[in-house]
Amino acid sequence: MALLQIAEPGESAAPHEHRLAVGIDLGTTNSLVATVRSGLAVVLRDELGRPLLPSVVRYLSDGGNEVGYEAQARQALDPRNTIGSVKRFMGRGIKDIANRESLPYVFDESPGMLRMHTAAGLKSPVEVSADILRVLRVRAEASLDGSLVGAVITVPAYFDEAQRQATKDAATLAGLPVLRLLNEPTAAAIAYGLDNASEGVYAVYDLGGGTFDISILKLSRGIFEVLATGGDSALGGDDFDHRIFCWMLEAADLKPLSVEDASMLLARAREAKEYLTFHGVAPITGRLNSGEVVDLKLTTEIFAEITQTLVAKTLQPVKKALRDAGLSVSEVKGVVMVGGATRMPQVQRAVGEFFRQDPLNNLDPDKVVAIGAATQANLLAGNRAAGDNWLLLDVIPLSLGLETMGGLVEKIIPRNSTIPTARAQEFTTFRDGQTALAVHVVQGERELVSDCRSLARFELRGIPPMVAGSARIRVAFQVDADGLLSVTAREQASGVEASIVVKPSYGLSDDEIAGMLKDSMAHVRDDSLLRALKESQVDAQRLLEAVRAALGADSDLLSADELSRIDGDIVKLESAALGENRRQIMLAMDDLEADTKDFAAQRMDKSIRRAFSGRNIKELDGAPVTVKTGETA
Amino acid sequence: MDFNSDHFSLFELPVAFRLDPSLLDRRYIEMQSRVHPDRFASAGEAERRLSLQWATRVNEGYQTLKKPLSRARYLLHLAAHDVGSENNVAMPADFLVEQMEWREAVAEARAAGEHHELEHLHHRLKRDIGERYDELAVLLDDKHDLEQAADRVRRLMFIDKLLVEIDDAMVACEE
């Protein structure tokens, strides 16, 4: 554990058993789970040897569900109950969904995060995603033969707070502890960077099924520094399918279609798109319910023409990200292609022309994100080998701010700030005797609140009545390493305080998650109580191991008194962890945590001092970190 | 190491405007590789919180010192010589006239969609800024003339906004 991961470079942390951690690429079209096995990142396959899990869930009238290929096969027959591309709905209200009329789902009209009526009842995108994650969790546990310490789940860099929070909620619902949410392009760079020991500035062009992301990263001496990100959270391979679909309607002069026919033709469109990657012409045939036969030929030229605007649309955020990073095209050393949609020849061509170089393709664009996530998960779980000293410095994709008078946005943390980060600003009251202040947290780059995404609202109450303009209210934003935000408002004179961990308007409350967990148990044979007990036992062991290692290294920092109290806590926790009383384990952990709090602070200080002592040797080669080479697939 | 120390001592750098950026980068990375939350992902509550606070602190220090303008403002702040916001400061007339000419040139180029002209303006302004930073270094580090330095910083704050305007105009031209 980490107290103890403060090992000097080249020196490995205390020996311990390998912890099971996975990386999950929760994709729009397909999802994958990968892990690091004996130093090698591998994608875990299902019992039929298939690496991908189609991100499709079909809900059945008995309350159960089918996930993956099985569901995908029924999509055309049962479109209403078969949810695909659910990632596009994460953290979204119904009004956010473009062309929802052409989708076969029955959306619930209630406000808040959108929900869909299915044979198994109302389902939110969080629940659908949780059903996908649960299958991946089971796959990982079966193939790794053990309970997982946690997972790194990837999200598009351009995902906002609501979408990130929804993803984290889905993991919780699926019983997966989240070690970190990782931006997909960064995950791809980790996979590439570790393979090729690349130095310099790289662009990661990630065109997935439903989202487009561009990231500009600097790789140097084992540090992955994200310089800028951009993208479009509603642009992806699905849009190319849709263009083909629309072309088919026109070319075959079709009347308005039934949901089933539309689903079938959309599937044909996707097949044609994939076919055109390796062929010049794609035949498209299908029989409608009416008996009418659609028989068309799509050439690469037509395909390139009807999707030209989509390709061009991806290059706008690329330009913006380069400008944000203060770089020109010529300074980009390589372009990494991620996402199945980058296989399309016209995309490859356009990117190559823009960057004036051939894009990098040597890793499978479908797997590269999961592999990078697994590598990061392995590191976060504490499976750090000697020389494994790389570090990832990520940024927030969108500016965070507050609503001020007149519906204007005051930016508090600008986009592309390295996380974790915090920033505070002082505000004052507007009216004499004003005792409450409404805080409205928004995300986005525009100046008007109405053009930005609303994340949360809360009120600071109990401000002592004062003359307008004399209260001093300090609003502080803290963004953690997952890119999630908490906000605190405090009136300086009285000390009145209010704070909120931003659960965006479309996130779920803890109660809702608890409720869904209970619901899902009715259908999934998943003994969550036993699971929770096992998890706390694992946590307890981890804590014990950490404290023991910390004591081994730095017990001289403690007084005899403190040492004996900690020893007592250890004994108590050891015996609790052997038992089956989860509450008792938690209480014993709390005690040990509390009594080692000061110790942790002292060790942190010591470690920071050590960052500077002995620097003379390290400065010879410039940095204390080393690039990891080889090892991962 | 004191959590509340100033940014220069945090990175063990001399309190001065002139700074070796590669040394700052190196110290920043040394610190982050010690305190970053990724190093503590499976640690206990207390350490995770400490790590978050330290990593935040190190990022804040780095961001402040990295850019010359914010570094200069910070130096003046340490010397209890805050420059205030650009909106409530009276500037000399000749400077304001010069600024207006710049802005007109940007607006014209934008209206005409002259991307090249904007790039040219951007380039000229960057050179101008470079010279102003040299002057600022002399004022802050050699002459210790805080009054004059604060005046130069305020001018640079105007110019910095102009640079953003040119960037925006270039974006508008591309769309």
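Is the crossing of H5(A) and H6(A) left-handed or right-handed? The crossing is right-handed, where right-handed means that the near helix is turned clockwise from the far one by less than a right angle, and left-handed means anticlockwise. Before going further, some ground rules: this is a predicted model, in which local features need pLDDT of at least 70 and side-chain atom pairs count only at pLDDT 80 or more, while totals for chains, interfaces and linings use all residues. Residues are numbered from 1 along each chain as its sequence is written, and chains are lettered from A and ligands numbered from 1 in the order in which they are written.

Let's stay with that first pair. Helix H5 covers residues 237-251 of chain A and helix H6 covers residues 259-275 of chain A; helices here are DSSP runs (H or I, at least four residues), as are strands (E, at least two), numbered from the N terminus. The two axes come within 8 Å and cross at roughly 115°, with axes being lines fitted to C-alpha atoms, for helices over the stretch in contact, and angles running from 0 to 180 degrees between N-to-C directions. H5(A) and H6(A) are therefore roughly perpendicular to each other; that label covers 65 to 115 degrees, with under 35 roughly parallel, over 145 roughly antiparallel and the rest oblique. On the H5(A) side, the contact is made by Phe240(A), Asp241(A), Ile244(A), Phe245(A) and Met248(A), and H6(A) brings in residues including Leu265(A), Leu266(A) and Arg270(A). Contact here means C-beta atoms, placed from the backbone, within 7 Å. By class, the residues of this contact come out as eight nonpolar, no polar and three charged (nonpolar: Ala, Val, Leu, Ile, Met, Phe, Trp, Tyr, Cys and Pro; charged: Asp, Glu, Lys and Arg; polar: the others, Gly among them).

The loop between H5 and H6 of chain A holds Asp253(A), whose phi is near 50°, a positive value in a residue other than glycine. Elsewhere in chain A, the peptide bond from Ile419(A) to Pro420(A) is cis, with omega near 0°. Pro420(A) sits in the loop between strand E21 (408-413) and E22 of chain A. Most residues other than glycine have a negative phi, and most peptide bonds are trans.

Another helix pair in chain A is H2 (residues 125-144) with H3 (residues 161-173), packed at about 50° with axes 8 Å apart. That makes H2(A) oblique to H3(A), and the crossing is again right-handed. Among the residues making the contact are Pro125(A), Val126(A) and Leu133(A) of H2(A), and Ala166(A), Ala170(A) and Leu173(A) of H3(A). The contact divides into eight nonpolar, two polar and two charged residues.

Now over to chain B, which has seven helices and zero strands. The domain assignment gives it domain 1 (7-66) and domain 2 (85-174), with bounds from an automatic or database domain assignment. Taken over C-alpha atoms, the domain centres are 31 Å apart.

Within chain B, helix H2 (residues 21-35) packs with helix H3 (residues 45-66) at about 170°, their axes 9 Å apart. H2(B) and H3(B) are therefore roughly antiparallel to each other. Residues in this contact include Leu24(B), Tyr28(B) and Met31(B) of H2(B), and Trp54(B), Val58(B) and Tyr62(B) of H3(B).

Finally, how do the chains meet? 46 residues of chain A are in contact with 33 residues of chain B. The largest share of the chain A side, ten residues, comes from H15(A). By class, that side has 26 nonpolar, ten polar and ten charged residues.

Methods:
Two residues are in contact if their C-beta atoms, placed from the backbone, lie within 7 Å.
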